[in-house]
Structures are given as structure tokens and as C-alpha cells.
Amino acid sequence: MINVFLLVPDLAPSQEATTARLLALGLPRDRFSPTVGVLGPAEGAAADELRAAGVPVASVAIRHTLDLGGLRRLSRTVHQAAPAVLHLFGPDAARSARMAVDTSGEAGNVPRVVVSGAAAPSGGLGGWFASRLIRRADRVVPVTWADGERYRVLGVPAERLTRISPAAPDPRPGESADAVLSSLGFPPNARVIVADGQLELGAGPK
């Protein structure tokens, strides 16, 4: 069994949180044992869904870059999970892991580090810590070619980059177009135009 630890800033709807949730729910349980760590409250619909599926969800709140108590809690939580893979989503997760997780082998477990959604770390001390870990990660996952270029500018070697397009869950068994239309209050055979994109401030229309 391969232990996988997925670290996210929070579980509010976002590309990083959604990707981590789909990955935790989709990993074959006969081969993988996922745990989700959250740098904040581990509550709400997404946390409930994960726990209902048997995925442990741990809150390891870190208030600021040099929150030593929070960083020690994160280090203990990851050490107890003993992951073979530590998957970090976003620059905040990369920054925290760089300060709290031992990757030297002195703690007895050296996970392979994977980074997603961290192509634009902030400036200052926190951004510096995040950039250092991103450059040292075993695998970095850009979603777009532009993200890949940003990682290369940060100093990530091309051979460590693997582009993976955004994922979506499989349809629920028995779900049909008519059932979806009915749940939305539309008549059968209605024609619907759906627009999908990031809603975060500054993301812009796509």
C-alpha cells in the first residue's frame, strides 16, 4: 500500500482544492492510502465528502510564514502518515512543507515531493521558501504551457515537469442528460449553453 499525503491551503472551491479532492477520491484503494492535510479548518462539504469516502482529513492550521507551532504540527502530521508521496497544492503548501517537512532522511522517511498549482509564488520570505522547495521537487505539474514556462523561469528543470490537463469526475451511474436537465429545472430536450472558468479575482475570462 502506497501512502499519499495531499496538502492544500483550504478546501474552498478552487482549482487546487478540487484537483486534490478528485485525486484523493479517485486513487484505487487497493494500491493507495490517501490523507488530506489542510492549512486551515478541515470542515465543510468537501471535508465531509472525503471523510465519508474513508479519506482522513487533518487540519494543520498555519497562521503565518514563521508560525513555528503550526509548522511543528504539520511536521508531526506528515511524519505520522509516513507518505511515499507528498503532493503539495499551491505556493502556501510548498512554503509550509519547505519549513516543516524533513526531506533529508533524518526522520526516517523521505517522500517523493510533487508540486501543483504553485507557478506564481509570492515575493518576500514566504515566496523564497516556496520557490526553493519547488526547484527541489521530484515532479512539478503545470496545467498549461504558460505555467510550465513560469516553472522554468523559477529554475525547475524541464525533465521534472509533467503537464496534466484539469480533470473532472466520472458521471454518476445512471446519470443522463434528461436527469441533469430535470435537476436544474429545465424541460426535457432543452438546449443549454454552459460556461466554465476560474472565478478568483484577477483570473480573467476564458
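In which strand does threonine 35 lie? Threonine 35 is part of strand S2, residues 32–38. Helices (H or I, at least four residues) and strands (E, at least two) are DSSP runs, numbered from the N terminus.

The model is predicted, so local features need pLDDT of at least 70 and side-chain atom pairs count only at pLDDT 80 or more, while totals for chains, interfaces and linings use all residues. Residues are numbered from 1 along each chain as its sequence is written, and side-chain values use heavy atoms, with hydrogens and water left out.

**Accessibility**

Buried means under 20% relative accessible area, exposed over 50%, and partly exposed in between, with a 1.4 Å probe and protein chains only.

| Residue | Relative accessible area | Class |
|---|---|---|
| Threonine 35 | 16% | buried |
| Phenylalanine 129 | 15% | buried |
| Tryptophan 128 | 45% | partly exposed |
| Phenylalanine 186 | 38% | partly exposed |

Leaving aside neighbours within four places in sequence, threonine 35 is in contact (heavy atoms within 4.5 Å) with Val4, Phe5, Leu6, Val55 and Pro56.

**Cores**

A nonpolar core is a set of buried Ala, Val, Leu, Ile, Met, Phe, Trp, Tyr and Cys residues joined through side-chain atoms within 4.5 Å. The largest has 28 residues, and Leu7, Leu74, Leu88, Val115, Ile134, Val140 and Tyr151 have the most contacts inside it. At least two residues of this core come from each of S1, H3, S4, H4, strand S5 (112–116), H5 and helix H6 (145–154). H4 supplies the largest share, four residues. Apart from this core lies another, of 17 residues, among them Val4, Val8, Leu50 and Val55.

Helix H4 spans residues 91–100, and its buried residues include Ala93, Ala94 and Ala97. Among the elements that cover the buried residues of H4 are strand S1 (2–8), helix H3 (68–81), strand S4 (85–89) and helix H5 (124–136). Leucine 88 touches Ala93, Ala94 and Ala97, and its other partners include Leu7, Val115 and Leu133, not counting residues up to four places away in sequence.

Rings of Phe, Tyr and Trp (its six-membered ring) pair if their centres lie within 6.5 Å; planes under 30 degrees apart count as stacked, over 60 as edge-to-face and the rest as tilted. This rule gives one aromatic pair. Tryptophan 128 and phenylalanine 129 form this edge-to-face pair, at 5.3 Å centre to centre and 65° between the planes.

Phenylalanine 186 lies in the segment after helix H7 (177–183).
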